[in-house]
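Work through the exercises below with the structure open.

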Amino acid sequence: MSIIKENFEKMNITKIKNAKSNRKLTVITAYDALFANLFKNIADIILVGDSLNMSFAGKNDTLSATLDQMIYHTKAVCNGAKEAFVVVDMPFGTYINKDEALKNASKVYAKTNAAAVKIEGGEDRADIVEHLTKNSIAVMGHIGLMPQYVRSEGGYKVRGKDKHDAQQLIKDALAIEKAGAFSIVIEGVMSDVAKEISEAVNIPTIGIGAGKDTDGQVLVWSDMLGLFEEFKPKFVRDYLDGANLVKEAVKQYRSDVQNGSFPSKEEEY
């Protein structure tokens, strides 16, 4: 493993693939221009995740996110981070077959500057991934715990707890790689199994709740900055006490307004 890379380098598909076994990839979500601009020279990849449906729309899951909604947020992210490698989640129901997948992914490419799309599924979606990649759509795969499967699976369940499931996950990863994906998100998978998956494929794996032996990590920004208070997954590390810091700042603002100290003479025209 090479030394830690401090200087930002604009990424592309080739550079991402070459990071395999050379350096860890840092991936973070963003949903607007403001935060995308903050992340643009730090993260290797910015993911416009359908997690916005939960973090910012207050929904219980990601399933009601729409293609137009994802395109809107992707446009904003691309405007705020013109140099970033931006990946957008294809929302639930937009890739039910090869033709629908290509039509909708092409719409994303036409209306945004996203560099790639992300699709959930393993062997069952390999034909769709292959169809997209053969038609010049770059695809990031997503296996393991897949939020778009939450209702059919009966909840959010950690994967790879038995030998059969571990073997299936490896098959899923290999199928997605063969289909042409340039990387794979591994979510909610036992760490030893995620390590096996990462060793089995020649493209980078991006972990979230999958241990440290993947080729990179991804987190939802509002989770890792401590702003989302409703639920904290086990795999999230708080890098900032964001919610309390924001609340205290707004309380101070209210106090300054009420006591007349804001605005001051220096803050007047």
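**Exercise 1.** Find how many salt bridges the count gives between domain 1 and domain 2, and which side chains meet in a salt bridge.

Solution. Step 1: apply the rule, which asks for a side-chain nitrogen of Lys or Arg within 4 Å of a carboxyl oxygen of Asp or Glu. Step 2: the count between domain 1 and domain 2 is one salt bridge. Step 3: the side chains of Lys-247 and Glu-229 meet in a salt bridge, at 3.1 Å from N to O.

The model is predicted: local features need pLDDT of at least 70, side-chain atom pairs count only at pLDDT 80 or more, and totals for chains, interfaces and linings use all residues. Residues are numbered from 1 along each chain as its sequence is written, and side-chain values use heavy atoms, with hydrogens and water left out.

**Exercise 2.** Locate the two domains and describe the contact between them.

Solution. Step 1: domain 1 covers 13-238 and domain 2 covers 241-268, with bounds from an automatic or database domain assignment. Step 2: their C-alpha centres lie 38 Å apart. Step 3: four residues from domain 1 and five residues from domain 2 take part in the contact, where contact means heavy atoms within 4.5 Å.

**Exercise 3.** Decide for Ser-222 and for Leu-34: buried or exposed?

Solution. Step 1: buried means under 20% relative accessible area, exposed over 50%, and partly exposed in between (1.4 Å probe, protein chains only). Step 2: Ser-222, in helix α10 (residues 221-224), counts as buried because its relative accessibility is 4%. Step 3: leaving aside neighbours within four places in sequence, Ser-222 is in contact with Ser-55, Phe-56, Leu-227 and Phe-228. Step 4: Leu-34, in helix α2 (residues 33-39), has 57% relative accessibility and therefore counts as exposed. Both helices are DSSP runs (H or I, at least four residues), numbered from the N terminus.

How values were computed
Helices (H or I, at least four residues) and strands (E, at least two) are DSSP runs, numbered from the N terminus.
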